[in-house]
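Please look over the sequence and the model below, and then follow the explanation step by step.

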Amino acid sequence: MLSQHNTSSSANGPRQPASAKPYVAPMISSQDLPVDYAGFIAVVFGVAGVMIRYKACLWLAIIFCAQSLSNMRNAENDPKKISMATIFY
């Protein structure tokens, strides 16, 4: 017969509920957040659409603006920032 080895003696075994620790998300400052490429592209298309009066650029700016607003995290949700983004785009 096969002999089973007792592996419960390891201190950090994955099957020991006492050694499990809850995940705590690291705190990230607002300056260390990743770059919002969709917001930048929305600004570029918005300016290009206004300058050359091309409606496709303006529609793309609106789409990228919506994508940027939908991808905001709770740390970034400032009513002033959201209102200025929607007014400018």
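In this predicted model, the count of aromatic pairs comes to one. The two rings belong to F45 and F64, which are stacked, with 6.0 Å from centre to centre and 10° between the planes. Because F45 lies in helix α1 and F64 in helix α2, the pair ties together parts of the chain that are 19 residues apart in sequence.

Two packed helices are described by the angle between their axes and the distance between the axes. Helix α1 covers residues 37-52 and helix α2 covers residues 55-70, and their axes come within 8 Å of each other and cross at roughly 160°. Since an angle over 145 degrees counts as roughly antiparallel, α1 is roughly antiparallel to α2, and the crossing in which α1 passes α2 is left-handed.

Where the helices meet, α1 contributes A38, G39, I41, A42, F45, G46, A48, G49 and V50, while α2 contributes C57, L58, L60, A61, F64, C65, Q67 and S68. Of the residues in this contact, twelve are nonpolar and five are polar, whereas no charged residue takes part.

Turning to the protein chain as a whole, there are three helices and zero strands, which gives the pattern α-α-α when read along the sequence. Of the 89 residues in the protein chain, 15% are buried. Among the contacts between residues at least 6 apart in sequence, 34% join residues that are at least 24 apart.

Note on methods
Residues numbered from 1 in each chain as written. Predicted model: local features only at pLDDT ≥ 70, side-chain atom pairs only at ≥ 80, totals over all residues. Heavy atoms only, no water. Axes fitted to C-alpha atoms, helices over the stretch in contact; angles between N-to-C directions. Helix = DSSP H or I, 4+ residues; strand = E, 2+ residues; numbered from the N terminus. Parallel < 35°, antiparallel > 145°, perpendicular 65-115°, else oblique. Left-handed = near helix turned anticlockwise from the far one by under 90°. Contact = heavy atoms within 4.5 Å. Nonpolar A, V, L, I, M, F, W, Y, C, P; charged D, E, K, R; others polar. Phe/Tyr/Trp six-rings, centres within 6.5 Å; stacked < 30°, edge-to-face > 60°. Buried < 20%, exposed > 50% of the residue type's maximum accessible area, 1.4 Å probe, protein only.
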